[in-house]
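I am keeping these entries as a record of what I looked up, one topic at a time.

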Amino acid sequence: MKILGIETSCDETAAAIVEDGRTVLSNAIYSQIAKHRPYGGVVPEIASRNHVAKLPGIIEEALAEAGESFDSIDAIACTYGPGLASSLLIGFAAAKTLAQRLGKPLIGVNHHEGHLHSVFMKDDAPAEDEVFPMLGLMVSGGDSSLVLMQGPGQYELLGSTIDDAAGEALDKAAAVLGLGYPGGPIIQKTAEGGNPKAIRFPRGLEQSDRGKWVYKYDRDLCFSFSGLKTSLLTHVKNLDHTPEGDELCNIAASYQEAVCDALVIRVERALGRFPIKSFCCAGGVSLNKVLREKLTALSAKTVVPLLLCPPAYCTDNAAMIAGVACEKARLGKLGAEPNDVNPNLRLADWV
Ligand code: ATP
Ligand code: MG
Ligand code: FE
């Protein structure tokens, strides 16, 4: 089964063709980063206008690269949330129109589910019966969550961020330090020469608070990054100069260390609490070198296998969307076609 995936939830305009869930035949992406950089973050109207301008060409590119045509694909998959409403609507309108015109099914996909599925998009990905139940750490620009997965489409959200997402914390730190946008890769680069122990930034909800609840989540498995951001702001304000050179590298390294530690502490807690066969990490922040090293060390220590998202699929792409849709079709879990986008969509079990 070959599926055309369309992704426009934020500022990447993307289309891809995926066969049988894991084989990526093409993965076309137009990144709008340069358009948003002057504003220090994503400007929704600029994002949607660029989706309108670029999506048709990106879909053509995905088909051509895969050697496919509209006739040869079996279904259209599209992200319908979460994300920016005005961005989601562009991809969704295109996908719905194509599906209707071609007489093919439209499969709505949760963007965060796409991120989690992307850990399987590599040649040597293990079989499902080897990895489930699996603990997932989904760390992106808009959310950070711990998810217990019993199988494809069977999700239990264990914890989530109570304020900023991990990616957002890195993006905001880079802005405070005058390093530019997006922050994750720049903080990583700046941190390379720095000492991660130079400054002790807070790890957010560090002490164990097991049994205290935030909404329906155990506070102990939730994340918080707003205190860390304030701590950086205070640190910089208290300096009587703009940090540069080694001092800047030390700040970046210490901040990155705090973000990664806060994530890994929760993963370690959850690993000890649930009967799982493996754990995985996906989303844009999973590109981070230090986070990958810390999770790899945790995997060695606990002897629980770790699946890391292939770097090519960590940030937003449409292959992960088509991949989820293939799995839904394979397991006969297509459900009703979505009627509309949902910017606040949460992870939920497939019906
Ligand atoms: P969401 O998926 O919640 O809608 P998003 O799609 O904007 O949010 P992603 O594309 O998954 O998020 O990831 C983007 C985030 O990843 C940004 O916050 C960016 O700073 C971060 N990021 C990218 N590369 C790295 C890196 N090397 N280290 C840390 N963070 C990174
Ligand atoms: Mg983006
Ligand atoms: Fe994303």
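I note the cut-offs here: a residue is buried if 20 or more other C-beta atoms lie within 10 Å of its own, exposed if 12 or fewer, and partly exposed in between, with C-beta atoms placed from the backbone. I251 has its place in helix α9, which covers residues 245–271. For such names I rely on DSSP runs numbered from the N terminus, where helices are H or I with at least four residues and strands are E with at least two.

Which residues does I251 touch, not counting residues up to four places away in sequence? I found L177, I199 and P243, where two residues are in contact if their C-beta atoms, placed from the backbone, lie within 7 Å. I also noted G194, which is 57 residues from I251 in sequence but 7.5 Å from I251 in space, C-alpha to C-alpha.

Before going on, I wrote down that this is a predicted model, in which local features need pLDDT of at least 70 and side-chain atom pairs count only at pLDDT 80 or more, while totals for chains, interfaces and linings use all residues. Residues are numbered from 1 along each chain as its sequence is written, and chains are lettered from A and ligands numbered from 1 in the order in which they are written.

**Entry: the whole chain**

I counted 11 helices and 12 strands in the protein chain. The radius of gyration is 20 Å, close to the 20 Å that the globule rule gives for 351 residues, so the chain is as compact as a globular protein of that length. The radius is taken over C-alpha atoms, and the rule is 2.2 Å times the number of residues to the power 0.38. Along the principal axes, the C-alpha atoms fill a box of roughly 65 × 45 × 35 Å. I also noted that 51% of the 351 residues count as buried, and that, of the contacts with a separation of 6 or more, 74% are between residues 24 or more positions apart.

The chain is divided into domain 1 (2–117 + 313–331) and domain 2 (133–309), with bounds that come from an automatic or database domain assignment. Their C-alpha centres lie 27 Å apart, and 15 residues of domain 1 are in contact with 18 residues of domain 2. On the side of domain 1 that touches domain 2, at least two residues each come from α1 (33–36), α4 (111–117) and α11 (319–330), and α4 supplies the largest share, 3 residues.

I then looked up the largest nonpolar core, which has 105 residues, with A16 and A322 having the most contacts inside it. Such a core is a set of buried Ala, Val, Leu, Ile, Met, Phe, Trp, Tyr and Cys residues joined through C-beta atoms within 7 Å. Helix α9 gives the most to this core, with 13 residues. Why does the core lie between domain 1 and domain 2? I see that both domains give residues to this core, so it lies between them. Leaving aside neighbours within four places in sequence, the residues in contact with A16 include V24, A62 and A322.

**Entry: ligand 1**

I found 25 residues around ligand 1, and the closest are G141, G142, G167, G184 and G284; a residue is counted if its C-beta atom, placed from the backbone, lies within 6 Å of the ligand. Two or more residues of this shell come from each of α4, α6 (166–176) and α7 (183–191), and α7 gives the largest share, 4 residues. Each of the two domains supplies at least three residues to the shell.

**Entry: backbone details**

The peptide bond from G81 to P82 is cis, with omega near -10°, and P82 is found in the loop between β4 (75–81) and α3 (85–102). Another cis peptide bond joins Y181 and P182, with omega about -5°, and P182 lies in the loop between α6 and α7.

Is D20 buried or partly exposed? I found that D20 counts as partly exposed, because D20 has 13 C-beta neighbours inside 10 Å. D20 has a positive phi of about 50° although it is not a glycine.
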